[in-house]
Amino acid sequence: MRKLVLVLAGLMLPVAGFAQREGSVELTPTVGFWLGDTIARGVTPTFNFDVTVDDAPAFGLRLGYRFAPNWAVDFALFREKADLVTGRRELFEGRSKVGEINLTTAEVGIEGSIGHRRVVPFLAGGIGAMHLDPDFGTASSDTRFVANFGGGFKVFFTPEIALRFDWRGHSVHVGSDADRCDWWDRCEKRDEWITFTEVALGLSFVF
């Protein structure tokens, strides 16, 4: 127990040699898992029923440029192949696979970190585009706006190598639902979004 306490204390102590350097570049291959969401019936004419983009692994690459000790601009590219299944995530409800979908996501954002320790927490957010390429009947591919926000932390083994953990939500604009009309025949369309929850682990190389 005493050794564990000493190790944890050592990780939390500020170490000048491990400070994130202004002007440095971070290259981070990542592997993760994206939790899917449901596209409601009526959002797209492709499906006349609720369809869920199922949970699936994803692979990607992050490239960051640190323009200040605690601030960086971040570029990211991810690829994922997920099943399309019927229905929603309800307890004990049966679901059937109806197809697959390839997701390619490109984003740019800002990362703000806290402190200069071996363990560095951060918050991050950004915007970009997601290319959705379904394998379902005659459905065609499309590219939609995506925004993300989340956080994580880095564990530096040396000033040049760190383990990085990310948790983020990626919200994708998938269309508008059918016209909704009130008693006075005032109709409007409501924008529809689906959100993927990303849990990812990467190894950062600092140059």
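Two or more lining residues come from each of the elements β7, β8 and β9 (161–176). Of these, β9 makes the greatest contribution to the lining, with three residues. The volume of this pocket is about 350 Å³. When the lining is sorted by class, ten residues are nonpolar, six are polar and two are charged. The model described here is a predicted one.

Strand β5 (residues 71–86) pairs with β6 in the antiparallel sense, and 15 bridges are found between the two. Within this pairing, K81 has N102 of β6 as its bridge partner. On the following strand, N102 also stands opposite D133 in β7. N102 is therefore a point of contact with both neighbours, since strands are taken to pair through bridges of this kind.

Strand β6 (residues 97–113) is in turn joined to strand β7 (residues 119–135), again in the antiparallel sense, over 14 bridges. S113 stands opposite F122 of β7. The hairpin made by β6 and β7 has five residues between the strands, and G115 adopts a positive phi near 85° in this hairpin.

Strand β7 is also antiparallel to strand β8 (residues 142–158), to which 14 bridges join it. Among the residue pairs of these two strands, G125 stands opposite F149 in β8, and V119 has V155 of β8 as its bridge partner. Here the hairpin holds six residues between β7 and β8, and a positive phi of about 55° is found at G137 in the turn. In a regular strand, side chains alternate between the two faces of the sheet.

Side-chain contacts involving aromatic rings were then considered. Four aromatic pairs are present in the structure. One aromatic cluster is formed by W34, F78 and F196.

Side chains of opposite charge can pair when their charged atoms come close. Over the whole structure, 14 salt bridges are found. One of them brings together the side chains of E198 and R62, with an N to O distance of 3.1 Å. This pair connects distant parts of the chain, as E198 belongs to strand β12 (residues 191–206) and R62 to strand β4 (residues 56–68), with 136 residues separating the two positions.

Note on methods:
Residues numbered from 1 in each chain as written. Predicted model: local features only at pLDDT ≥ 70, side-chain atom pairs only at ≥ 80, totals over all residues. Heavy atoms only, no water. Helix = DSSP H or I, 4+ residues; strand = E, 2+ residues; numbered from the N terminus. 1 Å grid on protein atoms, 1.4 Å probe; cavity = no way out; pocket = protein on both sides within 12 Å on 5 of 7 lines; lining within 4 Å. Points joined across faces, edges and corners; volume = space filled by probe spheres on them. Nonpolar A, V, L, I, M, F, W, Y, C, P; charged D, E, K, R; others polar. Phe/Tyr/Trp six-rings, centres within 6.5 Å; stacked < 30°, edge-to-face > 60°. Salt bridge = Lys/Arg side-chain N within 4 Å of Asp/Glu carboxyl O.
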